[in-house]
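Please work through the exercises below with the sequence and the coordinates at hand. Each task is followed by a worked solution.

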Amino acid sequence: MAKRSCHTLRVEHLERPLMLDPISPRFSWMVEHPQDSYRLTVRDGNGTLAWDSGIVDSGQTTLIEYRGVPLEHDADYLWTVHSFSGTAEHTAESHFATAPDLSAWEAEWIEPAQEPTHREQHSFMDWIMGGAETSPADQRLRPAQLVRQELHIRPSLARARLFATAHGVYTAWINGQPVSDEVLAPGFDSYRHRLSVQGYDVLGMLRSGTNTLGFAVADGWWAGRIGLTGTSAQFGDRLALTWQLHLGFADGSTQVITSDSSAFSSTGPWNYSDLFIGESYDARRADESWMLPGFERPEWTPVRLLGVDASALVPFRGEPVRRVAQLPVASIDHRADGVLLDFGQVIAGRLRLKLRGQQRGQRITIEHTETLDAQGEWFQNIAGMNKEQTDHYICAGEAEEEWEPEFTFHGFRYVRVNGIGQLDPQDATAVVLSSDLEQAGGFRTSDERLNRLHQNVVWSQRANFLSIPTDCPQRERAGWSGDIQVFAGAAANNAGVYTFLSRWLENLRADQLPDGRIPILSPRSEHDAQSALESPGLGAIVAAAGWSDAVAILPWKLYERYGDPRVLEENYSAVRRWIEYQAAEAERGLPRGLEDLKLGPERLARQRLIYNSGPHFGDWLTPSTLEGDEPLHEAMDLAPKLTSEIVAPMFQIHTLDLAARMAEVLGHSAHAAQYSQRAGEVRSAFLAEYLGEDATLPVALQGMYALALGLDILPESKRLRAGEHLAALVRARGQRLDTGFLSTPFLLDALWDTGHQDLAREVLWQQQAPSWLYAVDHGATTIWEAWDAVDPSGQPRQVSMNHYAFGCVDDWLYRKVAGLTPMAPGWREARIEPDLSCGLDHAEAWIQSPFGRLAVNWKLEHGHLSVTTVVPFGLNAVLKLPGQQATLAPGTSVHHLDLFATAQ
Ligand code: BGC
């Protein structure tokens with residue numbers, strides 16, 4: 001392949017975006033040469049120059065802000081970069097399009113004739129009590145709706161964009177052809193505040209004369225079952241659509257056709273479709289002529305017009321959900337209870353089935369699960385509360401038919417098919433669904449278990465980056481803020497997550513409560529709000545330490561990895577409001593043990609600064625707190641009870657530290673000073689209240705020390721001693737970790753930084769649970785929610801097998817094992833310093849930095865080390881090896897070192 005000298009052109013982190021906000025987009029590109037200066041030009045669809053930056057003497061290649069004439073809405077642009085290097089000029093060009101002005105949206109909402117979806121309210125208590133039983137699915141589920149509208153298109157069409165969204169999830173076709181390969185549009189948002197509008201280029205699908213625009217719309221996140229309790233209709237109980245088709249003609253004229261009263265609706269082959277329960281499809285009723293012009297049937301009824309309401313509409317930002325991979329059957333077993341398919345990998349997705357010679361009306365049932373039991377028998381690790389994950393297909397009776405559900409997905413590795421007789425494994429495919437993010441990193445070593453661990457993280461990321469970042473793709477599918485907060489570092493190594501997570505942060509901010517609370521999950525529905533009001537215990541939590549702090553931690557992490565301050569700007573005022581809430585709560589409440597004591601004025605003043613009251617999840621799922629004989633829901637209460645009082649202020653301090661840094665970057669120096677001062681005050685109060693003389697913390701758990709060290713809470717003078725306490729706690733558990741959700745990302749660093757490198761390595765290589773390799777040794781193909789999700793005999797528990805939170809260790813693998821560490825925002829500076837004593841002969845990793853690929857590959861053979869590095873232009877990297885340090889030139893370098901000689 002020819003070397004491209006200027007490549008990977010992006011606007012707002014995306015290649016060729018179609019729905020860009022026209023206000024000051026930023027341009028980035030990558031170079032294979034030292035750039036002395038650049039020139040950017042932007043031209044509109046007519047070739048008219050909208051901006052010419054002129055020649056700018058700068059090596060900058062990232063995030064250069066547009067400064068031309070105001071960009072139009074719904075317009076196409078061509079942009080060209082000229083990158084100069086000495087006497088050479090390198091040129092590349094790309095396109096982008098802007099979103100329509102949604103405040104001028106003129107299309108009516110159209111509503112198909114329908115029964116509202118069945119409202120099933122389940123409470124947190126139902127869940128605690130083991131899950132409400134579900135009744136036979138068909139009776140309480142309703143069909144997906146079909147909507148068609150004919151369009152008359154004049155000749156000489158030159159441009160055509162369809163903009164659409166729905167209450168529900170939809171697929172759109174023009175004359176029978178899908179308008180895109182996107183699935184489950186419009187995706188999940190906090191719909192009351194934000195509803196994403198998709199933009200599709202449909203020029204190639206329209207013809208002059210009559211065309212048909214067809215939609216199928218199903219309950220999805222809007223009206224279907226979602227969340228821990230599997231409650232339905234959390235955002236609405238009726239399906240509706242709104243769309244606009246923007247046309248441009250060769251003569252320069254334009255036309256907008258909208259959803260209107262000429263649309264008709266009916267039901268079709270989908271008996272029902274629900275994200276949790278599954279889909280039922282009657283192929284006997286599949287007749288694609290409804291998508292084509294000229295179709296008329298008496299049972300189709302006119303849609304109801306609901307008026308124009310654009311209040312929640314926003315342009316979709318980021319990468320849509322697509323079918324990102326297909327897996328063949330790994331093994332098949334025709335058993336008495338059905339045909340068992342194993343795809344060898346836990347995924348989020350669905351089954352595509354080819355059927356041959358089935359009888360008309362034959363009913364095929366497709367069940368999904370992530371694991372079998374120890375005996376290899378069918379086992380549902382997620383059960384009850386509407387979590388059936390079962391699809392039904394009623395055959396048309398054709399010689400060959402093929403089916404994949406349209407509006408549901410499941411978390412699974414195993415599928416049990418019934419009603420089919422013999423199945424040829426070639427006829428079944430697992431279709432993997434995920435938000436279609438760019439793969440931005442890779443990691444491999446000479447140890448297959450570590451490789452598998454990394455792959456498990458990547459698979460859990462893929463399955464849970466599905467429209468929003470979720471905790472798990474089967475049981476809840478909820479946007480838990482704590483989970484993504486701990487995983488963000490790992491996530492950013494593996495995929496281009498900037499836009500995906502920024503969009504989710506928009507939801508999180510939209511869900512911020514008037515008093516400043518950032519909710520524990522987003523999108524958050526009215527049902528979530530109500531359920532918190534009515535629930536006891538953990539179910540009552542609205543905001544929580546380490547969860548709500550995602551509003552500061554995530555933007556900062558994105559800034560560190562992508563160097564884009566806009567994410568700080570976008571979230572800054574939400575962070576400020578969250579901080580004020582914490583301060584007000586600190587002032588108001590005392591922790592339980594202190595409420596009845598008469599505190600002296602000094603202690604009272606300190607306590608009034610510390611956010612240490614109220615219910616939190618604490619260091620959630622700390623292993624040793626789950627070891628008793630209590631039922632799981634009782635045991636789960638223990639970590640919150642034990643740790644919240646200490647964990648909450650540590651995150652309060654961390655968020656204040658981050659706010660100070662954010663303010664600094666954003667140029668609010670007075671705020672920066674205020675926040676640093678406040679962080680100092682709260683820190684001093686916390687240390688005076690909780691840190692013992694000998695650097696002890698009141699709760700002797702690894703997680704407390706890992707957090708105190710990792711979040712930089714302790715004074716320098718106490719760090720090493722605290723590290724010793726941590727090391728002692730780790731040794732007391734036999735070199736096994738005992739950290740919960742919040743502290744796990746910090747454990748290995750905390751050990752390492754306080755001089756316990758060998759112990760950190762032992763924890764990484766530990767094979768007894770709790771440990772990362774225990775899961776690998778026990779057949780995990782994704783990251784489990786609990787360290788002992790499968791017991792040593794192979795018996796699984798009723799927990800999620802696909803929860804990325806504990807996969808946060810993947811960041812350690814890149815940083816320490818391979819040695820790639822970002823040292824300045826956006827990888828402008830990097831340190832490459834592999835851990836050569838980690839027990840491996842070889843490790844390699846690469847990262848797609850904003851400047852291009854940064855890679856390391858090290859090998860040890862008989863004491864001889866060779867390190868190959870690849871450094872992109874614009875990124876300053878140093879290589880640190882025992883006894884030496886080198887600044888790396890752009891391009892490929894190879895370093896050799898005789899380690900025996902170094903050791904002498
Ligand atoms: C979810 C978690 C989440 C937690 C809150 C669970 O049910 O699956 O991952 O963060 O609740 O404690």
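The exercises treat domains, sheets, helix packing and backbone geometry in turn.

The model is predicted, so local features need pLDDT of at least 70 and side-chain atom pairs count only at pLDDT 80 or more, whereas totals for chains, interfaces and linings use all residues. Residues are numbered from 1 along each chain as its sequence is written, and side-chain values use heavy atoms, with hydrogens and water left out.

**Exercise 1. Domains**

State into which domains the protein is divided, and how far apart the C-alpha centres of domain 3 and domain 4 lie.

Solution. Step 1: the division gives domain 1 (6–97), domain 2 (102–318), domain 3 (323–435) and domain 4 (827–903); such bounds come from an automatic or database domain assignment. Step 2: between the C-alpha centres of domain 3 and domain 4 the distance is 45 Å.

**Exercise 2. Two open sheets**

Determine the strand order of the sheet of 3 strands and of the sheet of 6 strands, and identify the edge strands of each.

Solution. Strands are DSSP runs of E with at least two residues, helices are runs of H or I with at least four, and both are numbered from the N terminus. Two strands pair if DSSP finds at least two bridges between them.

Step 1: the sheet of 3 strands is open and antiparallel, in the order β1-β2-β5. Its edges are β1 (6–11) and β5 (64–65); each has a single partner strand, so one side of each is left without a neighbour in the sheet. Strand β2 (residues 26–31) pairs with β5 over 2 bridges in the antiparallel sense, and R26 stands opposite E65 in β5.

Step 2: the sheet of 6 strands is also open with antiparallel pairing, and its order is β12-β11-β14-β9-β17-β20. Here β12 (177–178) and β20 (301–302) are the edge strands, each pairing on one side only. Within this order, β11 (residues 169–174) and β14 (residues 209–218) run antiparallel and are joined by 6 bridges; V169 has A218 in β14 as its bridge partner.

**Exercise 3. Helix packing**

Classify the packing of α6 with α9, of α14 with α16 and of α16 with α19.

Solution. Two packed helices are described by the angle between their axes and the distance between the axes. Axes are lines fitted to C-alpha atoms, for helices over the stretch in contact, and angles run from 0 to 180 degrees between N-to-C directions. Angles under 35 degrees count as roughly parallel, over 145 as roughly antiparallel, 65 to 115 as roughly perpendicular and the rest as oblique. Contact means heavy atoms within 4.5 Å.

Step 1: α6 (residues 498–510) and α9 (residues 566–588) pack at about 15 degrees with axes 11 Å apart. The pair is therefore roughly parallel. On the α6 side, Y498, S502, L505 and R509 meet R566, V567, E570, N571 and A574 of α9. These contact residues comprise 4 nonpolar, 2 polar and 3 charged (Ala, Val, Leu, Ile, Met, Phe, Trp, Tyr, Cys and Pro count as nonpolar, Asp, Glu, Lys and Arg as charged, and the others, Gly among them, as polar).

Step 2: for α14 (residues 702–710) and α16 (residues 744–753) the angle is about 75 degrees and the axes are 8 Å apart. The two helices are therefore roughly perpendicular to each other. Q702, A706, L707, L709 and G710 of α14 make the contact with F746, L747 and A750 of α16, a set of 6 nonpolar, 2 polar and no charged residues.

Step 3: the axes of α16 and α19 (residues 809–818) cross at roughly 40 degrees and come within 8 Å. That angle makes α16 oblique to α19. L748, D749 and W752 in α16 meet V809, W812, R815 and K816 in α19; the division is 4 nonpolar, no polar and 3 charged.

**Exercise 4. Backbone geometry**

Locate P186, P523 and N175, and describe the backbone at each.

Solution. Step 1: recall the background. Most residues other than glycine have a negative phi, and most peptide bonds are trans.

Step 1: A185 and P186 are joined by a cis peptide bond with omega about 5 degrees, and P186 is in the loop between β12 and β13 (195–201). S522 and P523 are likewise joined by a cis peptide bond, with omega about 0 degrees; P523 lies in the loop between α6 and α7 (526–534).

Step 2: N175, in the loop between β11 and β12, has a positive phi near 50 degrees and is a residue other than glycine.
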